[in-house]
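Keep the structure open beside the text and find each residue as it is named.

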Amino acid sequence: MANLNKVMLMGNLTRDPELRQVGTGAKCVELGLAINRTWTDDSGQRQEETAFVDVTFWGRQAETLNQYLAKGRPLFVEGRLRLDTWQDRETGQNRSRLKVVGESFQFIDRKPGG
């Protein structure tokens, strides 16, 4: 059976990018995206929900995003899902979190003042 792991998201940054360098020397940036969805329910009432998604970019893309983005800016992201698992230090319980590893992006608006 074939497999596909592809994500396309468009939303606004919830915080400024956080560029860091890992032990191997590679650079990564952590982004938070807020993705809004609106719809009309069966009773005709307008409903709205927001999904918050963590996205990680690596290498030169990470540096570019860190340079040009700030909280509130819109961004289109293509990537793949990754499940992070770890053991909680305080409780010893197994934890997991689904994240997006960014593979490409597009700026949606122009940089203010640019």
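The report goes from the core to the helix, then to the salt bridges and the surface.

## Ground rules

This is a predicted model, in which local features need pLDDT of at least 70, side-chain atom pairs count only at pLDDT 80 or more, and totals for chains, interfaces and linings use all residues. Residues are numbered from 1 along each chain as its sequence is written, and side-chain values use heavy atoms, with hydrogens and water left out.

Some terms come up throughout. Helices (H or I, at least four residues) and strands (E, at least two) are DSSP runs, numbered from the N terminus. Buried means under 20% relative accessible area, exposed means over 50%, and partly exposed lies in between (1.4 Å probe, protein chains only). Contact, or touching, means heavy atoms within 4.5 Å.

## The nonpolar core

A nonpolar core is a set of buried Ala, Val, Leu, Ile, Met, Phe, Trp, Tyr and Cys residues joined through side-chain atoms within 4.5 Å. The largest one here has 16 residues. Which of them touch the most other members? They are Leu31, Leu33, Val55, Phe57, Leu65 and Leu75. Two or more residues of this core come from each of strand S1 (7–13), strand S3 (27–40), strand S4 (46–58), helix H1 (59–68), strand S5 (74–87) and S6. S3 gives the most, with four residues.

Take Phe57 as an example. Leaving out residues up to four places away in sequence, Phe57 touches Lys27, Cys28, Val29, Leu31, Ala62, Leu65, Val77, Gly102, Glu103, Ser104 and Phe105.

## One side of helix H1

Three residues of H1 are listed as buried: Ala62, Thr64 and Leu65. Why are they on the same side of H1? They cover an arc of only 165° around the axis. That arc is taken from the directions from the helix axis to the C-beta atoms. The cover over the buried residues of H1 includes strand S2 (18–21), S3, S4, S5 and S6.

An α-helix has 3.6 residues a turn, so residues three or four places apart point the same way. Arg60 is exposed, at 55% relative accessibility. Glu63 is partly exposed, at 28%. Elsewhere, salt bridges that share partners join Arg15, Glu18, Asp54 and Arg97 into one network.

The whole structure has twelve salt bridges. One of them pairs Lys99 with Glu30 (3.2 Å, N to O). Lys99 lies in strand S6 and Glu30 in strand S3, so this pair ties together parts that are 69 residues apart in sequence. Are the two partners buried or exposed? Lys99 is buried, at 5% relative accessibility, and Glu30 is buried, at 11%.

Glu30 has other neighbors too. Not counting residues up to four places away in sequence, Glu30 touches Arg15, Pro17, Glu18, Arg20, Val55, Thr56 and Lys99. Glu30 and Ala62 are 32 residues apart along the chain, yet their C-alpha atoms are separated by 8.3 Å.

Arg37 is in S3 and Glu49 is in S4, twelve residues apart. Arg37 is partly exposed, with 42% relative accessible area, and Glu49 is partly exposed, with 41%.

## Toward the surface

Arg80 sits in strand S5. At 32% relative accessibility, Arg80 is partly exposed. Arg80 touches Asn5, Val7, Lys99, Val100, Val101 and Glu103, again leaving out residues up to four places away in sequence. Arg80 and Thr14 are 66 residues apart in sequence, and their C-alpha atoms are 20 Å apart in space.

Leu81, Leu83 and Leu98 make a nonpolar surface patch of about 290 Å². Patches are made of residues with over 30% relative accessible area and no salt bridge: like charges are joined within 9 Å, nonpolar side chains (Val, Leu, Ile, Met, Phe, Trp, Tyr) within 5 Å. Accessible areas come from the Shrake-Rupley method with a 1.4 Å probe, and for residues only the protein chains shown count as cover. Leu98 lies in strand S6 (residues 94–107). Leu98 is exposed, with a relative accessible area of 55%.

How values were computed. Salt bridge = Lys/Arg side-chain N within 4 Å of Asp/Glu carboxyl O.
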